[in-house]
Amino acid sequence: MKQVKKLNTRKSGPKASRQFGLELPAEVEALPVLAAFAQTVAREAGFPERSRNHIQLALEEITMNILRHGSGQGSFVKIRATLGDGDLRLEVLDTGRPFGFEQAMELYNGIASPDQEIGGIGLYLVKNLMDEVHYQPGTPEGNRMTLIKNKEGM
Amino acid sequence: MIRQAGLPIVPWRILTASGRIDALTGAETERACHEALRQDPRVALDLREVTYLSSAGLRVLLATLKLAASRNGAFALIAPKEGVREILDMSGFSRIIPIVDDVANLE
């Protein structure tokens, strides 16, 4: 596995949101690093264990989706976590092929069947685990997937 | 062997998983389950020590369920932790894969 390139933090004021960043190779072997990052920022944001595990799973599912369908070998995925007063915002940036987000989000509807191939389970979980999911392909930073978890009702 | 209504009671082969079942470890779990199904028609996966299940893990469970069905066998899950059970319920998989809370409850 390639080395994780950087882990940095930025805090611009006592009441400002805090930001954490991670850049890691788009490889399945990077999953443990991603898991640790997700748990750390979710803990920093003050989420309880159950929510932290939801955030971790959602982040891993999105990154694995990029790995499978978007970025090729040798590419990197950037993750930016912004800890606001009322939420945690995770942005996952990649420079691979954009994918059909709307169609992919509708692939699976939560009704499992042993008789057919099932696609889109990961995105279905993400949709249910997080409060908001947005996808913006082709931004100056690359394709951007934004996941938001609110603290309210957690 | 105990017989009931003229049919032999086929015992369950129990496999125990631990830690994560995800994209990193899923292949190993799938290999073990499928190998067991090639030897015994009824296989149950003990999830008591599994702490994390991702969609890659769900696909492993589905593939194993399909293999069991194709061999006229059965596949079941034993005692998932709360967080793992939540993912099984959320994904709808707990409606198609039998889940028991104890080995003794396997039918």
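The model is predicted.

Chain A contains four helices and six strands. From the N terminus on, these elements follow the order β-β-α-α-β-β-α-α-β-β. The chain has 154 residues, and 36% of them are buried. Among contacts in chain A with a separation of 6 or more, 59% join residues 24 or more positions apart.

In soluble globular proteins, nonpolar side chains tend to be buried together. The largest nonpolar core of the model comprises 64 residues. Within this core, the residues that touch the most other members are Val41(A), Ala58(A), Leu59(A), Ile62(A), Val126(A) and Leu147(A). Helix 2 of chain A supplies the largest share of the core, with eight residues. Ile62(A) illustrates the links made across the sequence. Neighbours within four places in sequence aside, Ile62(A) is in contact with Val92(A), Val126(A), Met145(A) and Leu147(A). Two of these partners, Val126(A) and Leu147(A), are themselves listed with Ile62(A) among the core residues that touch the most other members.

The contact of the two chains draws 19 residues from chain A and 19 residues from chain B. On the side of chain A that touches chain B, helix 2 (49-69) and helix 4 (121-129) each provide at least two residues. Helix 2 of chain A gives the most to this side, namely six residues. By class, the side of chain A that touches chain B consists of eleven nonpolar, five polar and three charged residues.

In chain B, helix 1 (residues 26-39) packs with helix 2 (residues 55-70). Their axes are 9 Å apart and form an angle of about 15°. Angles under 35 degrees count as roughly parallel, and helix 1 of chain B and helix 2 of chain B are therefore roughly parallel to each other. The crossing of helix 1 of chain B with helix 2 of chain B is right-handed.

Technical notes:
Residues are numbered from 1 along each chain as its sequence is written. Chains are lettered from A and ligands numbered from 1 in the order in which they are written. This is a predicted model: local features need pLDDT of at least 70, side-chain atom pairs count only at pLDDT 80 or more; totals for chains, interfaces and linings use all residues. Two residues are in contact if their C-beta atoms, placed from the backbone, lie within 7 Å. Ala, Val, Leu, Ile, Met, Phe, Trp, Tyr, Cys and Pro count as nonpolar, Asp, Glu, Lys and Arg as charged, and the others, Gly among them, as polar. Axes are lines fitted to C-alpha atoms, for helices over the stretch in contact, and angles run from 0 to 180 degrees between N-to-C directions. Angles under 35 degrees count as roughly parallel, over 145 as roughly antiparallel, 65 to 115 as roughly perpendicular and the rest as oblique. A crossing is left-handed if the near helix is turned anticlockwise from the far one by less than a right angle, and right-handed if clockwise. A nonpolar core is a set of buried Ala, Val, Leu, Ile, Met, Phe, Trp, Tyr and Cys residues joined through C-beta atoms within 7 Å. A residue is buried if 20 or more other C-beta atoms lie within 10 Å of its own, exposed if 12 or fewer, and partly exposed in between; C-beta atoms are placed from the backbone.
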